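Here are my notes on the model you sent over.

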Amino acid sequence: MKKKALSTRLMNALKYRFDRFGLERKGWKTDRKIVVFESDDWGSIRMADKEVFQNLIKAGIPVNKSHYCSNDSLASRQDMEMLFEVLLKFRDDKGNNPVITANTIVANPDFEKIRAARFGQYFYEPFTETLKKYPHCDFNVWREGMKEKLFFPQLHGREHLNVARWLRYLREGSPELLQVFENDMFALSLKASNDLQNSVLQAFNADDSAELAKQETILKEGFDLFFQIFGYPSESFIAPNYIWHPAHEKVLSSLGVKYLQGNYIQVVPGLNAGTKEMLHFCGERNTLGQLYLIRNCSFEPFSDTKHPWVKSCIKDISNAFALKKPAIISAHRVNFMGSINPDNRDNNLMQFEELLKQIIQKWPSVEFMNSAQLGGLMDEAIN
């Protein structure tokens, strides 16, 4: 069985390489050296604090097996200020600093109300209210980064949570999720669990058509809440875990979302029939006129501390520019978080600064943009 599983993984990897080879050569091309940093998960609860992390390990919940659970948390003022300090050190030849497209989860569960309802009903609160419960967090630093054009929030979802699946597990008495719940947390990944069979983090993985309809309402509420918090509509969207259904695109289009961030592969809920995959390329339009923005570079040092991330990301960028493509770099929030593990933030920021230094040196005509700016540029050029 192990040999068969290994063979399947190898075949899937080879297929992905083959598919990507063709997809990265299709679509919109430009001679401009454009760099975009797309960073997911801002606003969402992950690990509460270092003490909770240690207590969960003692309780037998293997949170230390997950890079996310070991490092990710709500962004502290210090985390954000240190990130902004790095960004302010660099400018492109048009005078623009590098900017983080901060894909934001705009709400978290209201644990007190859900507890009172005995998991029979779901309630949520804006993430700005969640931040007030953590003394080291401050929404004002978000505003400061936005004012300096270093930080550009876009919509990642209402929650990074499959609400129906999560409540079902809680009602069924999942020991791990119940213990995590008592610490005002929900984000237990499969790697950090002994008994979860399906992820509770796949916000838009619908098990049936009824759930799909509820998720469409969740999208609308997330979009409205985003506008209330930030004062402008989100022009782009990225689905948690790259899982979404074409029906979600219709809802987003009706709300004015023009650009869909993602990878070459979109995982589509099969509604009681597993999942399937759809392939996309950068600059592809769907039938609604929305453009796909495809991530073709990676800077994720949290996931493997031994990997030469600066070198590999520079190679990714070189490949993108050789193909006349913008370099759209995936760099999740967790890379810059230090409340749980300060070394994670400090070491990764050092690498991030070196990456920016090498980008400026290697491509003096580089242009830093956010995702909506890139989408607008492509929109004008593509018929």
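Predicted model: local features only at pLDDT ≥ 70, side-chain atom pairs only at ≥ 80, totals over all residues.

1. Residue numbers count from 1 along each chain as its sequence is written.

2. Start with helix α7, residues 139–147. Its buried residues are Phe139, Val141, Trp142 and Gly145. They sit on the same side of α7, because the arc they cover around the axis is only 155 degrees. As for what lies over them, the cover includes strands β1 (34–42), β2 (100–105) and β5 (151–157), along with helices α4 (77–87), α6 (127–131) and α10 (209–230).

3. Now look at the ends of α7. Asp138 caps the N-terminal end, with a side-chain oxygen 2.9 Å from the backbone nitrogen of Asn140. After the helix comes Lys149, which has a positive phi, near 60 degrees.

4. Trp142 deserves a click of its own. What does Trp142 touch, leaving out residues up to four places away in sequence? The list is Trp42, Gly43, Met80, Thr104, Phe127, Leu131, Phe151, Pro153 and Phe230. Trp142 also belongs to the largest nonpolar core, which has 112 residues. Within that core, the members that touch the most others are Trp142 together with Phe37, Trp42, Trp166, Phe352 and Ile359.

5. Most residues other than glycine have a negative phi. Asp41, in strand β1, has a positive one near 90 degrees. Arg118 does too, at about 55 degrees, and it is found in the loop between α5 (111–116) and β4 (124–126).

6. Are Asp41 and Arg118 buried or exposed? Asp41 counts as buried, because its relative accessibility is 6% and the cut-off for buried is under 20%. Arg118 counts as exposed, since its value is 73% and exposed means over 50%.

7. On to strand β7, residues 259–262, which is covered on both faces. Tyr259 and Gln261 are buried on one side, and Leu260 and Gly262 are buried on the other. β7 runs parallel to strand β6 (residues 236–237), with 2 bridges joining them, and Phe237 stands opposite Leu260. β7 is also parallel to strand β10 (residues 291–294), this time through 4 bridges; there, Tyr259 has Leu291 as its bridge partner.

8. If you trace the chain through this region, β6, helix α11 (residues 246–254) and β7 form a β-α-β unit, and it is right-handed.

9. Ser234 is in the loop between α10 and β6. It counts as buried because its relative accessible area is 1%. Its side chain reaches two backbone atoms: the nitrogen of Leu155 at 2.9 Å and the oxygen of Ser236 at 2.6 Å. Setting aside residues up to four places away in sequence, Ser234 touches Gln154, Leu155, Phe223, Phe226 and Val257.

10. Last one: Phe227, found in helix α10. It counts as partly exposed, because its relative accessibility is 43%. Not counting residues up to four places away in sequence, Phe227 touches Tyr232 and Pro233.

Definitions and conventions
Heavy atoms only, no water. Buried < 20%, exposed > 50% of the residue type's maximum accessible area, 1.4 Å probe, protein only. Arc of directions from axis to C-beta. Contact = heavy atoms within 4.5 Å. Polar contact = N/O pair within 3.5 Å; in protein donor to acceptor, adjacent residues only side chain to side chain. Core = buried A, V, L, I, M, F, W, Y, C linked by side-chain atoms within 4.5 Å. Pairing = 2+ DSSP bridges. Right-handed = clockwise from strand over helix to strand, strands pointing away.
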